[in-house]
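Welcome! Here is a friendly briefing to read alongside the sequence and the 3D view.

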Amino acid sequence: MTIEASNVLRAKRLGIDTHQEAVIYMRRDCHVCRAEGFSAQARIRVASGASFVIATVNLITGELLASGEAGLSEAAWRRLECEEGALLRVSHARPLDSLSDVRAKVYGREFENSAISRIMRDIVEGRYSDIHLSSFITACAARGLNEREVIHLTRAMVAAGERLDWGVPLIVDKHCVGGLPGNRTTPIVVAIAAACGLTMPKTSSRAITSPAGTADTMETLAPVDLDLNAMRQVVEKEGGCIVWGGAVDLSPADDTLIRVERALDIDSEGQLVASVLSKKAAAGATHLVIDMPVGPTAKVRTDGDAVSLKTNLLKTAEALAIKTRVIQTDGRQPVGRGIGPSLEAQDVLKVLRQDAEAPEDLRRRAVALAGALLELSGVAAEGEGERAAAAAIADGRAWVKFQAICDAQGGMREPPQSAYQHPILADHGGLIEAIDNRRLAKAAKLAGAPDAKAAGLELHGFLGQRVETSEPLFTLHAETRGEIEYAIEYLDSHPPIFEIEA
């Protein structure tokens, strides 16, 4: 059988990054397209050997592809694990029946348990395009998810991926709801918990829209791309780790949904709860402390929003048998001095090393969260957790444990230094009354964070502080002069990030 007479094309790697969505590029005059009636944006089954993906068709003209060739995006190439020139068998994908469940939610019907399971299964199998994912996310946000729906969504997300078993009855974890730059408590909390005898296998995310995720920051100190076997070895040896969650298959549906939620700028409460707790359940957590910063430019903006989210988190955690404590914290300004991977790592090191210049707010917050974990797990009596956590830093146990964890993950290193710095000065004197967390984070990103590890900004001004005219409020850090200039241009063309009352 010749290629032209069948549904077979030869694979070509085009090197096009479509993030997680699998895309196949076909000539508009392709014999397979004509025979099967494939059109642009059609969803088709693409197989190579025993592997297959559901891919979105993009049609091209010109000579990028030869007759009988099909181009693959990087996502499709990775999942098919094929070689250049390999034979691809293309065919119609089976009908996506679970879309009827999404449509029912759009029109106000409550999700049945079986419907959520069908949707999650199709999402994990890659059958949902970004358009389909957008419909599901928007339906959940616009119509809302009740308590039963949130619980079942969380369970379905856990069931769709791996679930870790550490062979011990008590596994602790910590999570921050987010929205607060520089809030890099996780490495400190893990070091304290492991130094106090707890088991804390921490999987963390990379930044999506922020200047740094925990994995980005930790990566400046030690390798984080550990697979499950390597992660298990570190935890068995040291009692804890801080690794990138994308390297292990925990709640893969959540990773897919988060990507589209960020693009839509939709982060509904029900999906947030399912996202957080599905990852924790999949990681094997039995005891969990959640940091919930509340402030006008944080993710959770009002006390009313905080009460609703806390209630939803605790009810869902109870249904999953995860003993949980939610701690409401001050989200009015960043935590620590640095914003950006390397600068945040330097803050972490200063706290653990008990440096005289260590940011006290970061130390206090980490001690409070670690103390709550110690109390929740029974290592410390109620009211004694913070004292025990602070002692682990003061006597050096946390610093020793952190170094051991870094060595076990592949070797500790010092975070890089930026090549360029530029101070941003107060244009008048007075009392700092407000700080815009979101726009401060954007300035750090424009300076190059998180891709440029040494980029970001270093804070000098804080709420309640009195500053003089031309006194530095923060210093931009960048790895190139152009990125510094780009950030300055943004700051010059927008209202001040700091509200200073003269």
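Is Phe474 buried or exposed? Phe474 is buried, with a relative accessible area of 2%; buried means under 20% relative accessible area, exposed over 50%, and partly exposed in between, using a 1.4 Å probe and protein chains only. Please note that this is a predicted model, in which local features need pLDDT of at least 70, side-chain atom pairs count only at pLDDT 80 or more, and totals for chains, interfaces and linings use all residues. Residues are numbered from 1 along each chain as its sequence is written, and side-chain values use heavy atoms, with hydrogens and water left out.

**Aromatic rings**

- The structure holds 3 aromatic pairs; rings of Phe, Tyr and Trp (its six-membered ring) pair if their centres lie within 6.5 Å, and planes under 30 degrees apart count as stacked, over 60 as edge-to-face and the rest as tilted.
- One of them joins Trp399 and Phe402, a stacked pair at 6.5 Å centre to centre with 20 degrees between the planes.
- Trp399 and Phe402 are 3 residues apart in helix H16 (residues 397-408), so about one helical turn separates them; helices (H or I, at least four residues) and strands (E, at least two) are DSSP runs, numbered from the N terminus.
- Both partners are buried: Trp399 has 18% relative accessibility, and Phe402 has 0%.
- Phe474 and Phe498 are also stacked, because their ring centres are 6.0 Å apart and their planes are at 20 degrees.
- This pair links distant parts of the chain, with Phe474 in strand E17 (residues 472-478) and Phe498 in strand E18 (residues 498-501), 24 residues apart.
- Phe498 counts as buried too, at 6% relative accessibility.

**Charges over rings**

- Arg45 lies over the face of Phe52, at 4.1 Å from the ring centre; a charge sits over a ring if NZ of Lys or CZ of Arg is within 6 Å of the ring centre and within 35 degrees of the ring normal.
- Trp244 has Arg206 over its face, at 4.8 Å from the ring centre.

**An enclosed strand**

- Strand E7 (residues 172-176) is largely enclosed by the rest of the structure, because 4 of its 5 residues are buried.
- E7 pairs with strand E10 (residues 287-294) in the parallel sense over 5 bridges; two strands pair if DSSP finds at least two bridges between them.
- Val172 stands opposite His287 in E10.

- Most residues other than glycine have a negative phi, and most peptide bonds are trans.
- The peptide bond from Ala449 to Pro450 is cis, with omega near 0 degrees, and Pro450 lies in the loop between helix H17 (437-446) and strand E15 (456-459).
- His19 is not a glycine, yet has a positive phi of about 60 degrees.
- His19 sits in the loop between strand E1 (8-13) and strand E2 (23-27), and counts as partly exposed at 46% relative accessibility.
- Gln41 has a positive phi as well, near 75 degrees, and lies in the loop between helix H1 (31-36) and strand E3 (43-48).
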